[in-house]
Amino acid sequence: MKVLLIGNSSIDSTKKVGNQIDNDFDLVARMNRFELEGYQQYLGCRTDIWIINRMISLGRSNVHYGNLQTKFEERKKTSPTLNNMLMMTYLKNENDFNEVKKQTEKYSDFEVGNTLKVSRYLKSEWDKRMTDKFYKPATGLTSIHYLIEEYDNLTIHNFDCGKTKHYWGDTDKASEPMSSKHNWSFDEILISELVDNGKVKYL
């Protein structure tokens with residue numbers, strides 16, 4: 001199965017791959033506060049899975065949607081293939097997993113990804129490679145490793161490991177990737193290795 005994960009970095013305007021995105025993949029996943037209106041020629045409009053981090057899912061982010069279920073229904077009108085919301089988050093243990101499932105059971109069409117294996121792997125890689133204090137991995141990095149476990153053919157697009165702002169021109173500086181606590185060099189190292197090893201490719 002061919003799966004595409006689309007990130008939220010600034011758009012390369014020379015890559016008008018919207019039609020390819022909409023027609024050449026079996027599943028298209030987008031993340032967090034993605035936008036479609038006005039960006040279709042670059043990013044398409046097909047969305048099958050909406051990946052959301054823990055903060056947005058629980059209404060704790062700087063910019064959130066209030067009623068997440070309503071936002072899902074709105075997005076389904078634009079992307080009729082949209083099937084479900086999928087939480088991607090670092091999980092400390094089984095209790096953590098069960099707790100976030102309990103906190104989000106009010107939603108329908110919602111799944112908490114079991115990222116326990118991925119979380120353990122990312123923490124172990126951090127301990128091997130980094131000297132900074134550990135901070136939970138970014139949604140994109142967690143999603144990439146989760147999707148590799150689930151599917152055999154993963155392509156990524158519009159990722160630059162926190163170097164640029166969100167493509168829709170976010171005005172809330174606190175929510176921008178460059179302002180986050182993530183260590184983006186960690187993401188860059190692991191993603192580059194996945195690409196070099198043929199486990200992931202760029203569109």
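**Exercise 1.** In this predicted model, find which residue forms a salt bridge with Arg129, and state how far apart the closest N and O atoms are.

*Solution.* Step 1: look for a carboxyl oxygen of Asp or Glu within 4 Å of a side-chain nitrogen of Arg129. Step 2: the partner is Glu193, with the closest N and O atoms 2.9 Å apart. Arg129 and Glu193 are linked with Glu125 and Lys128 in a network of salt bridges.

**Exercise 2.** Classify Arg129 and Glu193 by relative accessibility.

*Solution.* Step 1: partly exposed lies between the limits of under 20% for buried and over 50% for exposed. Step 2: Arg129 has 34% relative accessibility, so Arg129 counts as partly exposed. Step 3: Glu193 has 32%, so Glu193 counts as partly exposed too.

**Exercise 3.** Describe the salt bridge between Lys163 and Glu188.

*Solution.* Step 1: the N to O distance is 2.9 Å. Step 2: Lys163 sits in the loop between β6 (153–157) and α8, while Glu188 is in helix α8; the pair links distant parts of the chain, 25 residues apart. Step 3: Glu188 has 34% relative accessibility and therefore counts as partly exposed.

**Exercise 4.** Asp48 and Arg46 also meet in a salt bridge. Are Asp48 and Arg46 buried or exposed?

*Solution.* Step 1: their side chains meet at 2.9 Å, N to O. Step 2: Arg46 is buried, and Asp48 is buried as well. Step 3: for the whole structure, the search gives 9 salt bridges.

Notes:
Residues are numbered from 1 along each chain as its sequence is written. This is a predicted model: local features need pLDDT of at least 70, side-chain atom pairs count only at pLDDT 80 or more; totals for chains, interfaces and linings use all residues. Side-chain values use heavy atoms; hydrogens and water are left out. Buried means under 20% relative accessible area, exposed over 50%, partly exposed in between (1.4 Å probe, protein chains only). Helices (H or I, at least four residues) and strands (E, at least two) are DSSP runs, numbered from the N terminus.
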